[in-house]
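Please examine the sequence and the structure before reading on.

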Amino acid sequence: MYVLDLANVLREERKSAELQPLDEDFYQQVGIYLTGMGQELSRVEDPFSVEAQILQDTLKSERGSLNKLIDQRIKKIVRRALRNARSASREVVFTGMTAEETEIYRQVLSTIALGRESILFHMTPTERPLTGKKDITREYEVVRLLDDVPMFAGVDGKNYLLARDDVVVLPAVHARNLRNKNLASEVKIQR
């Protein structure tokens with residue numbers, strides 16, 4: 001059976017304020033490991049035997065360690081996203097994150113950045129919102145992303161961090177640029 005020491009991984013994660021590097025497919029490996037333990041437990045003939053009790057305790061302990069590890073890493077990801085949402089250079093991905101963690105980071109960073117922009121927009125009454133225009137459909141377009149796009153500042157003062165298959169309303173100039181680069185396709189809205 002494939003062996004993984006989640007308690008040790010958790011211990012190492014707790015030692016540092018920064019994320020400890022994990023393989024991109026770490027959680028898939030953990031899934032295989034825990035499934036294997038469950039299968040081994042199901043093959044034990046006497047569910048009340050010492051062997052069964054040891055396997056049950058180990059499985060329970062490893063699941064607990066996994067949940068604590070996920071919580072620890074998400075806290076660090078959120079803190080990093082918060083720091084980077086305020087900086088001019090926003091890192092999109094970090095080495096050592098799993099695929100799932102990279103997606104969490106991207107979504108949290110985008111949400112924080114857009115929320116900050118929204119708050120700051122309301123704090124500066126000298127700016128006129130584009131929504132006050134007569135025909136907003138000339139100023140904005142709806143597009144579906146065909147690929148990931150790094151974060152950029154829009155002409156409307158908002159930051160955009162876009163991922164493949166996102167459907168978004170963008171200033172027309174950015175929508176055209178993304179379509180011209182084959183990064184987005186137009187979404188027709190019927191009225």
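## Fold, charge and backbone

At 60% relative accessibility, Asn 182 counts as exposed, because the cut-off for that class is over 50% relative accessible area. Asn 182 belongs to the loop that connects helix 6 (172–180) with strand 5 (184–186). Although Asn 182 is a residue other than glycine, its phi is positive, near 55°.

The model is a predicted one. Asp 165 also has a positive phi, of about 75°, and is not a glycine. The loop that holds Asp 165 runs between strand 3 (159–162) and strand 4 (167–171).

The protein has 191 residues, of which 36% count as buried. Its accessible surface is about 12,400 Å², and carbon and sulfur atoms account for 53% of that area. When contacts between residues at least 6 apart in sequence are considered, 62% of them join residues at least 24 apart.

Charge is gathered in patches on the surface. A positive patch consists of Arg 14, Lys 68, Lys 75, Arg 79, Arg 83, Arg 86 and Arg 116. Helix 3 gives the most to this positive patch, namely five residues. Arg 79 is located in helix 3. A negative patch is made up of Asp 23, Glu 24, Asp 25 and Glu 100. Asp 23 lies in the loop between helix 1 (6–14) and helix 2 (26–43).

| Residue | Class | Relative accessible area |
|---|---|---|
| Asp 23 | partly exposed | 46% |
| Arg 79 | partly exposed | 44% |
| Asp 165 | partly exposed | 47% |

Is Glu 62 buried or exposed? Glu 62 is buried, yet it has no salt bridge. The nearest side chain of opposite charge belongs to Arg 11, which is 8.6 Å away. Glu 62 is placed in helix 3 (residues 50–86). Apart from neighbours within four places in sequence, Glu 62 is in contact with Leu 4, Asp 5, Leu 6, Ala 7, Tyr 33, Leu 34 and Met 37.

Methods
Residues numbered from 1 in each chain as written. Predicted model: local features only at pLDDT ≥ 70, side-chain atom pairs only at ≥ 80, totals over all residues. Heavy atoms only, no water. Patch = residues over 30% accessible without salt bridge, like charges linked within 9 Å, V, L, I, M, F, W, Y side chains within 5 Å. Areas by Shrake-Rupley, 256 points an atom, 1.4 Å probe, with all protein chains shown as cover. Salt bridge = Lys/Arg side-chain N within 4 Å of Asp/Glu carboxyl O. Lys, Arg positive; Asp, Glu negative; His and termini not counted. Charge placed at Lys NZ, Arg CZ, Asp CG, Glu CD. Helix = DSSP H or I, 4+ residues; strand = E, 2+ residues; numbered from the N terminus. Buried < 20%, exposed > 50% of the residue type's maximum accessible area, 1.4 Å probe, protein only. Contact = heavy atoms within 4.5 Å.
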